[in-house]
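Here is a short exchange about aromatic rings. Please look at the model first.

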Amino acid sequence: MPGRHRGTITVGRDEVSMALLDGLRVLDLTMWRPGPYATQLLAQLGADVIKVEPPGGEPMRMFRSHFDLLNQHKRSIALNLKDDGDRARCLELAAGAEVFVEGFRPGVTDRLGVGHEALLALNPRLVYCSLSGYGAHGPLAATPGHDVNYRAYAAALPADAVSPDADELPVADMAAATMAAFAITAACLKARATGVGDRIDLGMADVLANWVGTVPTAISRNTTSGPVPGYGVYTTKDGQKITLGVVSEENLWAATCRALGLDEYAEVPFLERLGRVRELDEAVAAAVARLTRDEAVERLDTAGAPVAPLLTRTEMMAHNHFGSRGVIHGDTVGSPVRTTMHPPLPPGPVAELDEHRNQTWHP
């Protein structure tokens with residue numbers, strides 16, 4: 001396929017495939033964000049992803065700049081699964097795929113004739129991934145929702161949460177998509193070894209509940225400072241913000257204090273700091289407030305303290321660190337995965353609707 005960057009590279013005397021998942025065939029029936037991001041993670045690692053869109057295209061195409069960020073390196077065909085001929089075409093593609101990903105509410109794919117049982121009969125090796133809000137089974141399975149709902153049920157919103165801004169990171173969507181890509185690759189390893197596929201039932205709320213469950217319950221909640229002195233968000237003189245990440249490390253605490261002119265606190269041991277959280281954190285906050293953001297970052301970074309400025313999206317996209325690692329390419333994004341022998345694909349083409357109707361799987 002033109003522009004897909006498929007092929008091989010030579011490392012020393014050995015020829016290796018272009019990306020980690022070259023040859024993996026993925027049939028993608030997902031829309032909006034979680035499913036498309038999961039399959040883009042696979043496509044960026046070389047998987048051959050055919051995106052099946054409804055007649056007229058995925059609704060996200062109306063937001064083209066957003067759509068393009070989530071659908072690079074995929075091919076597109078438009079199928080009406082309520083039409084016998086189009087459904088037969090979908091089943092034909094599924095028979096030759098290793099992975100089938102869908103993001104409908106539970107029960108919809110069965111009604112459309114492309115449910116797990118129907119495809120298992122065609123392709124016993126198929127890894128079938130269902131990505132939904134609350135999973136295929138359970139008391140909440142039929143409940144509609146979006147990111148903010150899943151975060152609420154999973155206790156992943158603070159008690160004083162407010163309505164999210166339009167550009168707030170959709171944590172449930174992105175976390176579940178990443179977990180789906182991980183589960184799919186694990187299931188494919190097993191399917192290739194045994195000849196037996198699997199059904200992945202992944203709920204977005206489940207992923208957040210798992211994450212929240214790994215964080216111990218706080219004995220008390222301090223509403224005016226971080227959990228320990230020097231850990232949290234601090235406002236600078238110019239109204240910007242920085243973050244500090246000191247936990248128990250004596251050297252990081254000392255570096256922070258010395259950079260901020262708080263030498264008298266530099267040798268306070270961790271256990272004592274725990275008993276003086278508010279006092280010491282307020283001293284840190286007052287010292288930071290006397291500096292601009294750039295001044296604070298420069299001083300703290302030079303001293304070896306764990307500091308980071310609170311960047312806007314625009315600032316992050318322009319930061320040389322992410323550009324140098326290939327995560328950001330100008331105004332678009334690359335794979336977050338870095339490998340030595342089998343690098344991910346660079347940002348690439350986005351298919352127009354139904355551009356690949358007459359194509360099938362790559363060899």
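Predicted model: local features only at pLDDT ≥ 70, side-chain atom pairs only at ≥ 80, totals over all residues.

Residues are numbered from 1 along each chain as its sequence is written, and side-chain values use heavy atoms, without hydrogens and water.

Colleague: How many aromatic pairs are there?
Modeller: Start with the rule. Rings of Phe, Tyr and Trp (its six-membered ring) pair if their centres lie within 6.5 Å. Planes under 30 degrees apart are stacked, over 60 edge-to-face, the rest tilted. The count is three.

Colleague: Which kind of pair do Tyr 134 and Tyr 150 form?
Modeller: Their ring centres are 5.1 Å apart. Their planes stand at 85 degrees, so the pair is edge-to-face.

Colleague: How many residues apart in sequence are the parts that this pair of Tyr 134 and Tyr 150 ties together?
Modeller: Helices (H or I, at least four residues) and strands (E, at least two) are DSSP runs, numbered from the N terminus. Tyr 134 lies in the loop between strand E7 (127-132) and helix H6 (147-153). Tyr 150 lies in helix H6, so the separation is 16 residues.

Colleague: Is Tyr 153 buried or exposed?
Modeller: Buried means under 20% relative accessible area, exposed over 50%, partly exposed in between (1.4 Å probe, protein chains only). Tyr 134 is buried at 8%. Tyr 153 has 54% relative accessibility, so Tyr 153 counts as exposed.
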